[in-house]
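Subject: Structure for your review: aromatic rings

Dear colleague,

Please find below the structure that I am handing over to you. My notes on its aromatic side chains follow.

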Amino acid sequence: MDTRDGVVTKEEKVVESEPGGKTAGSGKANFLSVLRHGGFRNLWLGQIISQIGDYFAFLALMVVVSGFSTDPGDTTRDVSGMMIAITLPRLFFGVIAGVFVDRWDRRRTMLVSDLVRMVLTLSMIPAVLTHNLLLIYVLAFVLSAVGTLFNPAKGALIPKLVPQEQLTSANALSQTSMMLATFIGPALAGATFAAAGEGNQWVAFIVDAASFMISAFAIWRISVPSGSELVASREVDTRDLGSALRRVWDELVVGLKALLLNRTMVALAGVVGVTWLGIGAINVLWVVFLKVGFGFGQTEIAWRLSIIDIVFSAGMVLASVAVGNFLSHITPKWFVAVGLLVAGLAIAPLGYIPDYWVVVASMLLIGAFVAPINTGTTTLMQIVVPNNQLGRVGGGIATIADAASLISMGLAGVFGTLVGVPVVFLIGGIMCALGGIAAWVLLPPLTLKDKPVEVVDKGAGAQVESSGLLTVPGE
């Protein structure tokens, strides 16, 4: 058996045995069916609690840092620095984190990620009490860096915990849980601040640390089906730093090949990049749009923006429930293509709508078509990419999205000033729609039956995953 790292194409079909002894095509796919699998149920509980902790920590940090100074300029600088500290690790470490996610035990990786974040969150308390802004930045950076391990590990573990015909439903439930966390996390943080009182915001970090501990316990209870664990192709002598670094580099290259040498993944990466390059700026310009377009004051902008966020999230939740329970049989390509096309056409005229409540209604529609995009993208990756490379490829896609979004956000102010906010919305919507057309033309109509199959040869100490799309020996 060839044990060299590489990516070659091979036409081969193998029938895969699913977790729990089931085969493809058995069982109805909906939220209840995927939650019957104990491993996935614990993963889902760990995910939602951990994500609530993430959003809780984010809002807590923003509130605490914004209170360090009464000068508006200093406050803007401090909060911007916090945003940079949280965002940069996703850009720098996304792909590298995937290398370790693919080599390490995914369940253990998520468990350790939560426990480390619990310790880091508790370390925020003395930094906050002493107003040590630099230390807060450092801790926030490390928190975000450790968090880059969690989501790729989760995405790679899901196919090991549910039958392949239930993958779309499982991904949709995961998406729904993420959106629910965006409601619960900030609400919990607000309630905690109100209960703690002025000057006692540090209590929020105790609650946040507790959420990570509960998540770790849920993940600890995950039982991965026998025979589905990854088998490392060869041991790395960690005492030899040069050998270890070469091995990390070699595995990174394999992951990049899986991302860049497969037409489906190249097309998906291009679609993601174009889309986020177009709509990243819109996220920055919402406050300006509400202020200039409707004349809202600062206080009014806060609650009106909250309504937009709530309605958008509600659209995502409703769509995810529909996809996971009633539309899971649809080919993932169409979730991506139709979702981007309709969302883009709805975004394009937003800047020219004169009525605020029509804008709110439009955001419900946009949210309803954004959620299937995320579900379709995740499912398509799980179909095309061998499981032992999902961490790297998922990290690569996320890095492309973050890079495009940062570029777009960086240019938002310039273009907003030069051509006006409505034109930026129009351009963003058009680029989103173009991404949908590209997905329609370039993405193949693959189904869950095309999901890569793994064959573990424990005697040789190597794993080969194969499908009609890729064969990757030597992982």
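A charge is taken to sit over a ring if NZ of Lys or CZ of Arg is within 6 Å of the ring centre and within 35 degrees of the ring normal. In this model, which is predicted, Lys333 lies over the face of Trp334, 4.7 Å from the ring centre. Arg304 is likewise placed over the face of Tyr356, at 4.6 Å from the centre of that ring.

Trp334 also has an aromatic partner. Trp334 and Trp440 pair edge-to-face, with 5.1 Å from centre to centre and 85 degrees between the planes. This pair joins distant parts of the chain: Trp334 belongs to helix α12 (residues 332–347) and Trp440 to helix α15 (residues 421–442), 106 residues apart.

The model contains six aromatic pairs in total. Another of them is formed by Phe289 and Phe294, again edge-to-face, at 5.4 Å centre to centre and with 75 degrees between the planes. Is Phe289 buried or exposed? Phe289 has a relative accessible area of 4%; the limit for buried is under 20%, so Phe289 is buried.

Phe289 and Phe294 are also members of one aromatic cluster, together with Tyr356, Trp357 and Phe425. Tyr356, a member of this cluster, is the ring whose face lies under Arg304.

Yours sincerely

Definitions and conventions:
Residues numbered from 1 in each chain as written. Predicted model: local features only at pLDDT ≥ 70, side-chain atom pairs only at ≥ 80, totals over all residues. Heavy atoms only, no water. Phe/Tyr/Trp six-rings, centres within 6.5 Å; stacked < 30°, edge-to-face > 60°. Buried < 20%, exposed > 50% of the residue type's maximum accessible area, 1.4 Å probe, protein only. Helix = DSSP H or I, 4+ residues; strand = E, 2+ residues; numbered from the N terminus.
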